[in-house]
Amino acid sequence: MKVSQRVTYGIMAAVDLAMSKDAPVQARAIARRQAIPIRFLEQVLHMMKKAGLVEGLRGAQGGYVLLKKPSDLSVADIWEALDGPVFRRSFHGQTAFDRRQSKQDQLLGDVWDQVQRAERDVLGNITVEQLAGRQRAIEEQRNPMYHI
């Protein structure tokens, strides 16, 4: 499975927005925190806006916010908004004895279809909220709080 840089940046941006607790976040702030080139991030956010995942708010206090709750937004949703269907090759509707298929497809087609469905299920079950929780834990480990 290959994951494009666009999808990776989209996921990182969504996690950053989820951690902001509904306050608009400027693209420059996301780019700085997530180490994403600003021009590329702006393109990603624009695509996410067109897909209805984020909203752009104008003005001095403007920025981007998630349109869905982080618990309702999956990695698969972001992937499909930025790169289209998670898997393009499908064996649905083909029988194992379809003479137009190669021997390899006849033998392994169902196996690859099951693998693709399993991967899609995993991506669909990982939410932005879960990733934001992981991000918080990572940041706490990197920057421990010392109380006196």
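From the N terminus on, the elements run α-α-α-β-β-α-α-α. The chain thus described has 6 helices and 2 strands (DSSP runs numbered from the N terminus: H or I of at least four residues for helices, E of at least two for strands). The model is predicted, with local features needing pLDDT of at least 70 and side-chain atom pairs pLDDT 80 or more, while totals for chains, interfaces and linings use all residues. Residues are numbered from 1 along each chain as its sequence is written, and side-chain values use heavy atoms, without hydrogens and water.

Of the 148 residues, 34% count as buried (under 20% relative accessible area, 1.4 Å probe, protein chains only). The accessible surface comes to about 10100 Å² (Shrake-Rupley method, 1.4 Å probe). Carbon and sulfur atoms hold 51% of that surface. Among contacts (heavy atoms within 4.5 Å) between residues at least 6 apart in sequence, 64% join residues at least 24 apart.

The largest pocket has a volume of about 190 Å³. A pocket is an open set of points on a 1 Å grid over the protein atoms alone, where a 1.4 Å probe fits, with protein on both sides within 12 Å along at least five of seven lines. Lining residues have an atom within 4 Å of a point. The volume is the space filled by probe spheres set on the points.

Helices α1 (5-19), α2 (27-34) and α6 (128-142) each supply at least two lining residues. α6 gives the most, with 4 residues. The lining includes Met 12, Asp 16, Arg 33, Glu 139 and Arg 142. By class, the lining has 3 nonpolar, 3 polar and 4 charged residues. Asp, Glu, Lys and Arg count as charged; Ala, Val, Leu, Ile, Met, Phe, Trp, Tyr, Cys and Pro as nonpolar; the others, Gly among them, as polar.

Key. Buried < 20%, exposed > 50% of the residue type's maximum accessible area, 1.4 Å probe, protein only.
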